[in-house]
Amino acid sequence: MTQSHMQNILVLDFGSQTTQLIARRVREEQVYCEIHPFNIDIKEIKAMAPRGIILSGGPSSVYDRDAPKISTELFDLGIPVLGICYGMQLTTMLLGGIVEKSDRREYGHARLIIDDPDKIFYGLAEKEVGHQVWMSHGDRVEKLAPGFKIIAHSESCPVAAMAHESRPIYGVQFHPEVAHTEIGMDVLDNFLFRVCSCTPDWNMSSFVSSSIEAIREKVGNGRVICALSGGVDSTVTALLINRAIGSRLTCIFVNNGLLRKNEPEVVLAFLKQFGLNVVFVDAEERFLSKLHGISDPEKKRKIIGQEFIKVFEEEASRIGQVDFLAQGTLYPDVIESVSFKGPSATIKSHHNVGGLPDVMKLELIEPLRELFKDEVRKVAEELGMPHELVNRHPFPGPGLAIRILGEITRERLDILREADALVLEEMKTSNWYWKVWQAFAVLLPIRTVGVMGDERTYDHVVAIRVVDSLDAMTADWSKLPYDLLGRMSNRIINEVKGVNRVCYDISSKPPATIEWE
Ligand code: XMP
């Protein structure tokens, strides 16, 4: 934690799927917050001196043999604690209460009746019908630990919230971090500002200035290189470093021949406009010849990854002495590598510039490693990136290679590029682009019969994939209006030579994935 984030909240992760959400909610209230595994050393907590500690929920039962636990010392630090779900049950058990092991889960909406408008319920009007909250738990608190009182109940949960009589220790059985809990943000706000006395000073403009300072300090007189993909993360990384050290940052942008239509031109024009020092490497030929005859998706990924490292290394060696490699690592990647091995620690296998840090033996500089994706977007806006670029859809590192099923040829790349550009154009004109997670075209490895004029055709098939998602871990196909789908199909068949059929992919993830390969 850097010195600039003194007003912080520490979230201890017990493996809940909503741990990240807790942290995001806290940051939305402009309070800096970090997630750490539940078994972090008490000494480290003391050193961080957080304003408050939130214990997350988790899939375990407190009486399980391997149940994640914390030392009771945590409650003696004088730092306010809020236990959520498992966090509340653990607090109860550790401080001498009883948790009832249940074989029935309470899941979904419940009505919370506030019995005592204590600090965390401050300002919440007592309603006879109760407040809608969201529950997801098996076990529940049966007997409070000494010194605690009940401050809310629900029909099936006598202790839906508790507070210590004299110490700043609270517990809620419901999940204030999820949107279904109407009063969730009020409860969190009360904890942050009334109990912990935090000041809302975490915002992206202060992040930008403190980050620039930190980069200057770290880099000194050194030189930095950065691989730019055209995506938001690497672009924001480069813009921040550029602001800090100017031309001592060199960005390398590689055209691997697998980019969308006009992508190299658009990205280069933007980067130049911001005065970045960019080396453009047109390596299309190299990549395509290495991919010649390859159909297996994993082989494609490997070849592209290896070739990228080679191209990057060659270019880097031309630059001369370099000390740092900049990467757009985000906070979720950091949490995934340190967090408690629960559902919140699912590791993604995709990496845009996989392998670079190991090979390059350069010191890493990762200015975005404290940020969530929505915060990166705010920083991007803060730095003057246009809305279109800030909010563009994710694009996979191996590019169109994994959207061309089967062999990659120039002809097939051109067909896909044209079809994809039409999909994106229609999505943008109809404003649907901004409402979905990703939209793209896929070229299938088959031909089908069609008829054009009086002629029989035997041509390619394009699939359109448009999905809604929050984090790409799960996704559902977007329910686009028929007339939009119809327009895309007509335009692709009429305007892209070699395509006579268009399909819309209506699979969800799981069991399908977002990409086709
Ligand atoms: P899947 O297809 O696994 O995709 O549902 C989830 C998200 O990851 C992106 N993706 C990749 N990104 N390299 C990347 O950089 C890859 O090899 C890769 N494969 C999938 C995909 O576009 C989606 O956003």
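Trainee: Where is Pro511 found?
Mentor: Pro511 is in the segment after strand S20. Please keep in mind that this is a predicted model.

Trainee: And which segment holds Pro510?
Mentor: Pro510 is also found in the segment after S20, a strand that covers residues 499-504.

Trainee: Is the peptide bond from Pro510 to Pro511 cis or trans?
Mentor: The bond from Pro510 to Pro511 is cis, and its omega is near 5°. The peptide bond leading from Lys509 into Pro510 is cis as well, with omega near -15°.

Trainee: Let us change topic to the cysteines. How many disulfides are there?
Mentor: The count comes to zero disulfides. Cys157, for instance, takes part in no disulfide; the nearest cysteine sulfur belongs to Cys85 and is 9.1 Å away.

Trainee: Is Cys157 buried or exposed?
Mentor: Cys157 counts as buried because its relative accessibility is 1%.

Trainee: What about Cys196: which cysteine sulfur is closest to its own?
Mentor: That of Cys198, at 5.0 Å, which is too far for a bond. The cut-off for a disulfide is 2.5 Å between the two sulfur atoms. Cys196 is buried too, with a relative accessibility of 5%.

Trainee: You mentioned Cys85. Where is it in the chain?
Mentor: Cys85 is in the loop between strand S4 (81-84) and helix H3 (86-94). The phi of Cys85 is near 55°, a positive value in a residue other than glycine. With a relative accessible area of 5%, Cys85 is buried.

Trainee: Which other residue has a positive phi, near 45°, without being a glycine?
Mentor: Ala49 has a phi near 45° and is a residue other than glycine. Ala49 is in the loop between helix H2 (42-48) and strand S3 (52-55). Ala49 is partly exposed, as its relative accessible area is 44%.

Trainee: Back to H3, then. How many of its residues are buried?
Mentor: Eight of the nine residues of H3 are buried, so this helix is mostly covered. Among them are Tyr86, Met88, Leu90 and Met93. Just after H3, Gly96 has a positive phi of about 100°.

Trainee: And H12: which of its residues are buried?
Mentor: In helix H12, which spans residues 373-382, the buried ones are Glu375, Val376, Val379 and Ala380.

Trainee: Why do they line one face of the helix?
Mentor: Viewed down the axis of H12, the buried residues fall within an arc of 150°, and therefore they line one face.

Trainee: What covers them?
Mentor: The cover includes helices H1 (19-28), H5 (204-219), H6 (232-245) and H13 (387-390). Just after H12 comes Gly384, which takes a positive phi of about 90°.

Trainee: How do the axes of H5 and H12 cross?
Mentor: The two axes come within 9 Å and cross at roughly 75°. H5 and H12 are therefore roughly perpendicular to each other, since angles of 65 to 115 degrees count as such.

Trainee: Which residues meet in that pair of helices?
Mentor: From H5, Met204, Ser205, Phe207 and Val208 meet Glu375, Lys378, Val379 and Glu382 of H12. The residues of this contact of H5 with H12 divide into four nonpolar, one polar and three charged.

Trainee: What is Val26 in contact with?
Mentor: Leaving aside neighbours within four places in sequence, Val26 is in contact with Ile9, Val31, Cys33, Ile54 and Leu192.

Trainee: What does Asp189 touch?
Mentor: Not counting residues up to four places away in sequence, Asp189 touches Glu29 and Arg194. The C-alpha atoms of Asp189 and Asp66 are separated by 33 Å, and the two residues are 123 residues apart along the chain.

Definitions and conventions:
Residues numbered from 1 in each chain as written. Predicted model: local features only at pLDDT ≥ 70, side-chain atom pairs only at ≥ 80, totals over all residues. Heavy atoms only, no water. Buried < 20%, exposed > 50% of the residue type's maximum accessible area, 1.4 Å probe, protein only. Helix = DSSP H or I, 4+ residues; strand = E, 2+ residues; numbered from the N terminus. Arc of directions from axis to C-beta. Contact = heavy atoms within 4.5 Å. Axes fitted to C-alpha atoms, helices over the stretch in contact; angles between N-to-C directions. Parallel < 35°, antiparallel > 145°, perpendicular 65-115°, else oblique. Nonpolar A, V, L, I, M, F, W, Y, C, P; charged D, E, K, R; others polar.
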